[in-house]
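Let's take a walk through this protein chain together. Please keep the sequence and the 3D view open as we go.

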Amino acid sequence: MWSRLPPILLILIGLLILLSSLIHFQLIYVVLPLIPIILVAILSRIKKVTTLSSRIFDKQNVFEIQSNNRTFTGIMLKLNGKIELNKENINFQRELESLMETLGRRDVGFEYYVITSLSKKRTSSSLIVLKECSDCKEEVIQEVQNIRNLSNAIAPHIQLDVISSSEVAVPLPKGWGDLSFARIYERVIDSPKNTLLINEYDVDLGSMKTEVAEIKTGIKIKDLTRHIAIFGTTGSGKSTTAILLAKKLINKGISVTILDWHGEHVGKIPDLRVANVDNPIRINPLKLGDIEEVVEILGDVLRLTDPQRFLLYSVLLKMRRANKFDMKMLISILRNIEESSNWMREVKYGLLRKIYLLFTKEAKLIFDDKIDNARVEETLFNSIVDLSFIRNIRLRRIYGLMIIKLMSDYFMKSKPMVTSLLMIEEAHNFFAHDNDFLEKLISEVRKYGLGLCVISQSPSSISPEVLKNTNIKIIHSIKSDTDKRILAEALSLTPSLYDSLDKLDVGEALLSSPNIKIPVVLKIREEDSKQTK
Ligand SMILES: Nc1ncnc2c1ncn2[C@@H]1O[C@H](COP(=O)(O)OP(=O)(O)OP(=O)(O)O)[C@@H](O)[C@H]1O
């Protein structure tokens, strides 16, 4: 009402001047009053077209447009295709048509507009969902959810992503009022270059996190023997990923052995037999392959000095030559060594003190000097070796390393012509330092079909040799700067991937693998890891 007062006053003033000028006739007096009348006519015409303003809700990107006292609330969704590399002939057009037909039949007060923008670089389509209402943001958000549910059922390969960020003007059809343009906001999205860089995979691990499309990817079986490393802080999803990987490989006929430091995998993979305190895999340490490597393992874990290592080596060699494999004999030979000097006495008793661990009650559960170490396929293939019942940590490490040695010796000597993966949880307990055994293990077993999968919280707690020799890396969230730097260097990460390392959600991981040309961020599929098959 008040907005109309100024033009009415202008017209009245104009008419008054016109009347008075007719009384004293002069041309200027005729033209002058016409000016306010013309002004009013022009202003009222412009006003009709332009009352337009827009407001953006920050978080959900719902926009509100006011025009000629009418309010429209809406949202804009980008229509993206979900690419599945192993699926051909996805009919995106048919799916989109079905979705639009279904939306068109709905009678919920919303209007839907599909806008396709064409430019030299890209073609993109968006869906505008709009309703004439105010303060109805929640209703719009609910409608987006409804459309997404419909899309999942009718058009599973069409993804709807809310558009936000950079400002763009989009022409809207006339169907809803006098508006010729509405200012809405669009995020400019590049085409998913990474899709071109992902080659084939055999073992699907999850979906690549791109802003444009959901792309499944994973690793190739032939790369298993180039070894895998899974890193991530506690609770980031390492074990879940390891279980998913193990299940997928078992389904493909690959043998999986898990060295389970905390016994956390027991019962999670029904296809695997469990070796634990009730049913331990016994080892005869005196018949375990090369004596040098046995000494290396014991020397490393028990922190033997060089002279102690040499003494142990000499005694073991003597026993082997005499074809005697008796733990008691080891002790008695050591005891009987002549103490020719104080130094010799110190070495001898120092060694006896340290190897005492191999003769404890707990050690008797896992060592047996009467058996041959054989039957790896029967005992270790497709099994979880629960180490948690060994309470002495050093003994647990020795036993774990001996299992690793048993497995690697079997592959190198028997050459079974099968591919197998040995997963090592809490791998820093075994691979903290470089040593000959480790180097030989990691560089040689691959030739014989055995892949290693080392799982640990932090790459800095593992020997650089392991990091260098694991070609597949699955990296969950990493918080420590030192660890981030080590990984950035090892994988030549771009600054943005480096920054993302501590921001990954639970279950998200950076995957670097020979079949993928650049590392990508994946959402690992947890639901799969819960299924048996
Ligand atoms: N891909 C995923 N999707 C959804 N939730 C996940 C995923 N991976 C793991 N989680 C959840 O996160 C929690 C921790 O996972 P998990 O035990 O695998 O982590 P972790 O890194 O092995 O931890 P820790 O080092 O303490 O053993 C679990 O409750 C699990 O359900």
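A word on the ground rules before we start. This is a predicted model, in which local features need pLDDT of at least 70 and side-chain atom pairs count only at pLDDT 80 or more, while totals for chains, interfaces and linings use all residues. Residues are numbered from 1 along each chain as its sequence is written.

The secondary structure of the protein chain amounts to 18 helices and 19 strands; helices (H or I, at least four residues) and strands (E, at least two) are DSSP runs, numbered from the N terminus. Of its 533 residues, 34% count as buried. Here a residue is buried if 20 or more other C-beta atoms lie within 10 Å of its own, exposed if 12 or fewer, and partly exposed in between, with C-beta atoms placed from the backbone. Taking contacts between residues at least 6 apart in sequence, 70% join residues at least 24 apart; two residues are in contact if their C-beta atoms, placed from the backbone, lie within 7 Å.

Now to the core. The largest nonpolar core has 94 residues, and Leu422, Met423, Ile424, Cys453 and Val454 touch the most other members. Such a core is a set of buried Ala, Val, Leu, Ile, Met, Phe, Trp, Tyr and Cys residues joined through C-beta atoms within 7 Å. Helix H13 (residues 393-414) supplies its largest share, 10 residues. Because domain 3 (191-281 + 375-533) and domain 4 (284-372) both give residues to this core, it lies between them; these bounds come from an automatic or database domain assignment.

Beyond its neighbours within four places in sequence, Cys453 is in contact with Ile228, Ile230, Leu421, Leu422, Met423 and Ile424.

Next, find helix H8 (residues 306-321). Its 16 residues reach 22 Å from first C-alpha to last, close to the 22 Å expected, where the expected span is 1.5 Å times one less than the number of residues. Which residues of H8 are buried? They are Gln308, Leu311, Leu312, Val315 and Leu316. These cover an arc of only 125° around the axis, so they are on the same side of H8; the arc is that of the directions from the helix axis to the C-beta atoms. The buried residues pack against helix H7 (291-301), helix H9 (327-336) and helix H10 (342-355), whereas Asp306 and Arg321, on the other side of H8, are exposed.

Finally, some backbone angles. Most residues other than glycine have a negative phi. Just after H8, however, Asn323 takes a positive phi of about 55°. Asp135, in the loop between strand E5 (123-132) and helix H4 (137-154), has a positive phi near 50°. Lys415 has a positive phi near 45°, and lies in the loop between H13 and strand E15 (420-424). Lys415 counts as exposed because it has 11 C-beta neighbours inside 10 Å.
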